[in-house]
Protein chains: 4
Amino acid sequence: MLKAAIVGASGYTGAELIRLLLAHPKVEITALYARRAAGSSIGEVFPQLAPQLSMTIEAFDPDHVAANAEVAFCALPHGQSARAVAALYERGLKVVDLSADYRLRSAASYAEWYGSEKEPEHPHPELIGEAAYGLPELHRGSIRVAKITASPGCYPTSAILALSPLVRAGLISTEGIVVDAKSGVTGAGRSPGQATHFPEAGEGVRAYKVGGLHRHTAEIEQELGAIAGNELKVTFTPHLLPMSRGILCCAYARPSRDDVDTAALRKAMNDAYGDEPFVRVMPEGKLPDTAHVRGSNRAQVTALRDRRSGQVIAISAIDNLVKGASGQAIQALNLMQGWDETLGLMGGAIFP
Amino acid sequence: MLKAAIVGASGYTGAELIRLLLAHPKVEITALYARRAAGSSIGEVFPQLAPQLSMTIEAFDPDHVAANAEVAFCALPHGQSARAVAALYERGLKVVDLSADYRLRSAASYAEWYGSEKEPEHPHPELIGEAAYGLPELHRGSIRVAKITASPGCYPTSAILALSPLVRAGLISTEGIVVDAKSGVTGAGRSPGQATHFPEAGEGVRAYKVGGLHRHTAEIEQELGAIAGNELKVTFTPHLLPMSRGILCCAYARPSRDDVDTAALRKAMNDAYGDEPFVRVMPEGKLPDTAHVRGSNRAQVTALRDRRSGQVIAISAIDNLVKGASGQAIQALNLMQGWDETLGLMGGAIFP
Amino acid sequence: MLKAAIVGASGYTGAELIRLLLAHPKVEITALYARRAAGSSIGEVFPQLAPQLSMTIEAFDPDHVAANAEVAFCALPHGQSARAVAALYERGLKVVDLSADYRLRSAASYAEWYGSEKEPEHPHPELIGEAAYGLPELHRGSIRVAKITASPGCYPTSAILALSPLVRAGLISTEGIVVDAKSGVTGAGRSPGQATHFPEAGEGVRAYKVGGLHRHTAEIEQELGAIAGNELKVTFTPHLLPMSRGILCCAYARPSRDDVDTAALRKAMNDAYGDEPFVRVMPEGKLPDTAHVRGSNRAQVTALRDRRSGQVIAISAIDNLVKGASGQAIQALNLMQGWDETLGLMGGAIFP
Amino acid sequence: MLKAAIVGASGYTGAELIRLLLAHPKVEITALYARRAAGSSIGEVFPQLAPQLSMTIEAFDPDHVAANAEVAFCALPHGQSARAVAALYERGLKVVDLSADYRLRSAASYAEWYGSEKEPEHPHPELIGEAAYGLPELHRGSIRVAKITASPGCYPTSAILALSPLVRAGLISTEGIVVDAKSGVTGAGRSPGQATHFPEAGEGVRAYKVGGLHRHTAEIEQELGAIAGNELKVTFTPHLLPMSRGILCCAYARPSRDDVDTAALRKAMNDAYGDEPFVRVMPEGKLPDTAHVRGSNRAQVTALRDRRSGQVIAISAIDNLVKGASGQAIQALNLMQGWDETLGLMGGAIFP
């Protein structure tokens, strides 16, 4: 069994890593780390885990991790994660980083989106080149040989899965792409706040960070731009919905040619995902639904052309905590270990 | 007191008409009609109304309506409504029709979107010209003199409120407009079905009738096209969310000129709505939220330009049962009666 | 118009007071107070109120209140409220206090339930005798002449409305009463916390403060005991449900005699509430539902005897923020002013 | 691999059986049956299952089942199930029946609770004695040797797990037990109806079948009575909550002696469940929460004495579709096969 540590075990992605790894046939959780929860048992922090794992959370210390684990998942806030990853990498561990710190290939872009007054630049720019972008459907090869994998953001996962086959096949214009994404509240993390207080988030829907403000924009543009072979800008609008899990992403683009029809779009989707274990191209006439992927590492996608306006519409549904975070991180680890990519991840969705 | 009948009292828009009219200072409900619920008291059909109104629902009969009321609200399914409206109009009643039957100004368009094998054409094309499109913010004048007002659909209300000021001001291109709208489940009516069964609709989000299939597309195009002075096509994607009330509409368009900035968009919004009693242009940096208009006839709108992509984004929030249906219908009646448009409609939103 | 101030305007009961008072024909809101929100406009704190009220929240100062208002609603945390009420009372204002501070008639009981290390005793025991317990259905007479009304807790309102007619009629034993109450999350207030974070409170149900720990127990026992003419103890179990508003209270008791049947229980309910404007005894066979009182000052109640076990079951449904808080406070004010008790409170429930 | 058929595959318990059995190391699903869905693929009926199982649903025919499977799960409506079970038993299959048909040991009791005008008596009374009541925590021995196991109802599972250790230990009086249970909407099945329509079931709570009307009462009384050694009657009140999954059961009883304290109650719970793989006695001061067992076969239980009233309170939380139905059915099958009872059932809860 591979010894794995989870750094940042007290958040939702930490709990989801634990849930999934407990069912993994080749991985054993050997240590848990978190700052404020250090000293507590995991069952105190997450009562649902108490029957399965009795382990005390420790304060993060890279030497302690190195003494106890061969690989680590980092689920810390950005900035913090960059340093933790560097310390672990230095000690020879393979790391899957669920933060944003190693997702952007350009240090300048990182500084633009994540730089703060206190820390304007990436703390470890020398490692950016070492990290693979952990979307297996696009970067399987580089993940296999990576020592650091930067697990993609939840919104970028949904947007890139919906759009990348169409960009690659040259079926849509890379100008004017709109990504309208709807997320459950776990996407905002476990720290309480007014916007995520039940009475404020319930029975209502709202957009947020509208107009080019959400940091995930950079990832979407980076990945689609790399496929297109040119820089591109997307209009990305995230929404907060009264549900806990799930992202539905609805993307709009102009077809690159008049003769692009739904059949061509579906062919591109099927070409891209026909052999993918976790991505399902919906049968024609059926549409993705986040309720049907809840709790699983699966994605549903579809694409079609609007019969009247001619616009191309691509839709995807994922569970933001699984395919959008912890499940995808394990998928990456499987690749980094040279294992079957699906190990521990074939559990079905929980519906309803 | 004006005597008002409600035809189609057993659905959600019927109940909402009753709730609002019971607080109206100049209207008295004198009769209720419904097909299957005929013979029941309204309190049996809607227990929340029992303390306020004890009235038996009757089977619809236009002579009975004419004997008991001066005006009627029709909240019947389309097709049925067209005939009921005609029968009431013939008997001299003013009618506010909440169905789709008199919303489209072209009989051909009606046939295209609403025609069925059994009834391919509009049953009363001669009355289409008599009906005003009941969006007061656009058609106040014609509603004032109308005998029939066709109350707009819920989605069109949200989309037209968001986009019409920008179209009128010539700030956006009328080509390539995308309308991504998110609705609560009451939009699907009161008849149970699998998609609206609690466990299927809860904790998940999905688009439906994607690709130019939803009938409300026709209304949106008609109204925006009339303002633009040219035919236009929109890409309209409705979504079903795990909440009961509310529509959030996010519309995307290309600016008509490079120099269109957020200030210009906000000026157009303020010019259009500065004196409107029910439409609030959000302060800069604040965004519409359906939770903040729930139960009220108010709309929240905003517009801005994406700082990176340059795309124009217009957003609106309404309660689909009030501003999107019954409240707006009463607003129209107030106008038809020559009254202050806000009578009975100034109640605040219920939050949370 | 009576000038009214709201002290503690930034919480949910504050917002609900504003919503209701804006529709009150004889009351005008003249000042709003809150600690942390001082300096903000009410529309910034509660966007849903922005179109109806543009008023700046001030820091509480009793002289300022006295200069601006004739009556005050206090919706502060307990302890703080006791002092604010005393200061306002001293300045000659009538006060309706929504905190727990003047609900318990015994200073000893207050000390037992609300005393803290820092403040072990009631800060103004001399005023306890001045305060009426503001449940109009029980204390209409004393409220009418009170200068201070202590508005009941949300759970006690639901429990006392369900049980008091049966205790008064001597139909149930006062030993062994069980009160199992289910509340929406607004009952926990507006301050975010882990238990009320959307993903933690959603899609699940749990009891809390089980076993005689919840402070509202004291109120329930005080009021039922006063009717019974003897001290009594109830087993009170509150629950947190995944909804924002509403309390459903299910109370269980042994019949006092074998021949107590559902008819006798219903008669007691009808005798108690037949003339009450806000309490509806459900028709036989129909059961209370919080969805049917949402947003209104109404309560639904019923009582029946279990056909097999012989146990008496009494059930009530209220909106915790209206009949359980702000609506009931206004009902009390109406009485204190000698007005029709229903002024401003006859608005219907919002369903769905 | 053991060949298993699912009869009644189109309901929620059918889907949950499939989800769980797909992860079972010793069972293979070889056939699916349903009436209305016959001819459809399972992926059409339950899109979340499409990626894992492509199998066509067939019309039920006992010979077809016998030709294709060694064991069968029956998840049909009561009455129908009795006959299907009999036909399969006759053909030599082991059957786990998720309907109510073989739960009651007395044909008279069955007739009383389930008899209809059309079918007043149990159709196969001769088989009642063959069936084990499938609650492993109580009936492990008889399940192991049974050919038919009647899987318990969801409410009885929650009530019996909470109360049986206290009854067995003689700590509570068997007179006057109250069971107040709160269920998610999946408990009502997959057929849409008005009470389970999203807008009616959402944002509200209500009791139903109050007063000794719910059929599950019989099971609770049978099982607790058998332990007590005397007939007993419980007051059982079910509630419908705005969530999809989960039952929280709060049971109240008088202690049998004055000296019964929380420690004694906890000891009885620990004695009963200390070695149980699926039942967790909560640490003192922690309470069960349905959100923490969602999707898993686990139960959380606790018991304590109210510090003021002296009443005993026992609480349990389960997922109604897993421990309350399909998971428990598989647990029974594991026993019937002589396997480790936990096979395929150790998956963790999905939270949030």
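**Helix packing, cysteines and buried residues**

The place of Ser158(A) is in helix H8 of chain A, which runs over residues 154–168, where helices (H or I, at least four residues) are DSSP runs, numbered from the N terminus. Before I go on, please keep in mind that this is a predicted model, in which local features need pLDDT of at least 70 and side-chain atom pairs count only at pLDDT 80 or more, while totals for chains, interfaces and linings use all residues. Residues are numbered from 1 along each chain as its sequence is written, chains are lettered from A and ligands numbered from 1 in the order in which they are written, and side-chain values use heavy atoms, with hydrogens and water left out.

Is Ser158(A) buried or exposed? Ser158(A) is buried, with a relative accessible area of 0%; buried means under 20% relative accessible area, exposed over 50%, and partly exposed in between, using a 1.4 Å probe and protein chains only. Leaving aside neighbours within four places in sequence, Ser158(A) is in contact with Ile247(A), Cys249(A), Ser316(A) and Ile318(A), contact being heavy atoms within 4.5 Å.

Over all chains, a search of the whole structure finds zero disulfides, a disulfide being a pair of cysteine sulfur atoms within 2.5 Å.

Let me turn to helix packing, beginning with chain D. Helix H7 (residues 154–168) of chain D and helix H10 (residues 262–273) of chain D pack at an angle of about 110°, with their axes 8 Å apart, the axes being lines fitted to C-alpha atoms, for helices over the stretch in contact, and the angles running from 0 to 180 degrees between N-to-C directions. That makes H7(D) roughly perpendicular to H10(D), given that angles under 35 degrees count as roughly parallel, over 145 as roughly antiparallel, 65 to 115 as roughly perpendicular and the rest as oblique. By class, the contact of H7(D) with H10(D) has 10 nonpolar, one polar and no charged residues, where Ala, Val, Leu, Ile, Met, Phe, Trp, Tyr, Cys and Pro count as nonpolar, Asp, Glu, Lys and Arg as charged, and the others, Gly among them, as polar. Among the residues that meet are Ile160(D) and Leu161(D) in H7(D), and Leu265(D) and Met269(D) in H10(D).

In chain B, the axes of helix H7 (residues 136–144) and helix H12 (residues 322–336) come within 9 Å and cross at roughly 40°, so H7(B) and H12(B) are oblique to each other.

Ser326(D) lies in helix H11 (residues 322–336) of chain D and counts as buried at 0% relative accessibility. Ala201(A), found in helix H9 (residues 198–201) of chain A, also counts as buried at 0% relative accessibility, and, not counting residues up to four places away in sequence, its contacts include Val185(A), Pro242(A) and Phe198(C).

Note on methods: Helix = DSSP H or I, 4+ residues; strand = E, 2+ residues; numbered from the N terminus.
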